[in-house]
Amino acid sequence: MKRKLTGSDGMSIIIPDGYIGRQGSDGRMVPIPPGGIGRQGSDGRMVAIRKGSIGRQGSDGRMVEIKSGSIGRQGSDGRMVEIKSGYRGVQGSDGRMVAIAPGKRAVQDANGRMRNK
């Protein structure tokens with residue numbers, strides 16, 4: 001039976017069977033899967049971390065789920081990103097770290113952001 005939970009921000013979400021609802025200090029309600037945990041970044045947002053994954057926080061305060069076999073890399077803008085196995089982490093002049101797929105080239109656009117090509 002699904003449940004409807006409301007966070008202190010006034011937004012309601014549907015929580016599926018087996019999931020639990022956790023609320024971050026920003027007031028948002030987040031569904032946490034079975035066996036998972038809820039991790040909160042210093043920005044106040046709650047993030048669902050599935051079983052077998054880890055939570056890494058960038059210096060901007062956001063929490064990110066890093067799945068098993070991946071690594072977390074942070075760009076100079078402070079954001080943490082997940083780099084999957086076999087991918088490369090490349091940073092553009094805008095300071096953002098991006099994952100480049102195997103066999104692809106990293107190309108920087110006019111805004112300084114790196115992209116797959």
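Me: Why does E65 count as buried?

Reply: E65 has 12% relative accessibility. Buried means under 20% relative accessible area, exposed over 50%, and partly exposed in between (1.4 Å probe, protein chains only). So E65 counts as buried. This is a predicted model, where local features need pLDDT of at least 70, side-chain atom pairs count only at pLDDT 80 or more, and totals for chains, interfaces and linings use all residues. Residues are numbered from 1 along each chain as its sequence is written, and side-chain values use heavy atoms, with hydrogens and water left out.

Me: What makes R50 and E65 a salt bridge?

Reply: Their closest N and O atoms are 2.7 Å apart. A salt bridge needs a side-chain nitrogen of Lys or Arg within 4 Å of a carboxyl oxygen of Asp or Glu. So R50 and E65 form a salt bridge. R50 is in the loop between β6 (46-49) and β7 (54-57) and E65 is in strand β8, so the pair ties together parts 15 residues apart in sequence. Strands are DSSP runs (E, at least two residues), numbered from the N terminus.

Me: Why is R50 called partly exposed?

Reply: R50 has 47% relative accessibility, so it counts as partly exposed.

Me: How do you know that D60 forms a salt bridge with R62?

Reply: The closest N and O atoms of D60 and R62 are 3.9 Å apart. That is within the limit, so the pair counts. D60, at 30% relative accessibility, counts as partly exposed. R62 is also partly exposed, with a relative accessible area of 35%.

Terms used: Helices (H or I, at least four residues) and strands (E, at least two) are DSSP runs, numbered from the N terminus.
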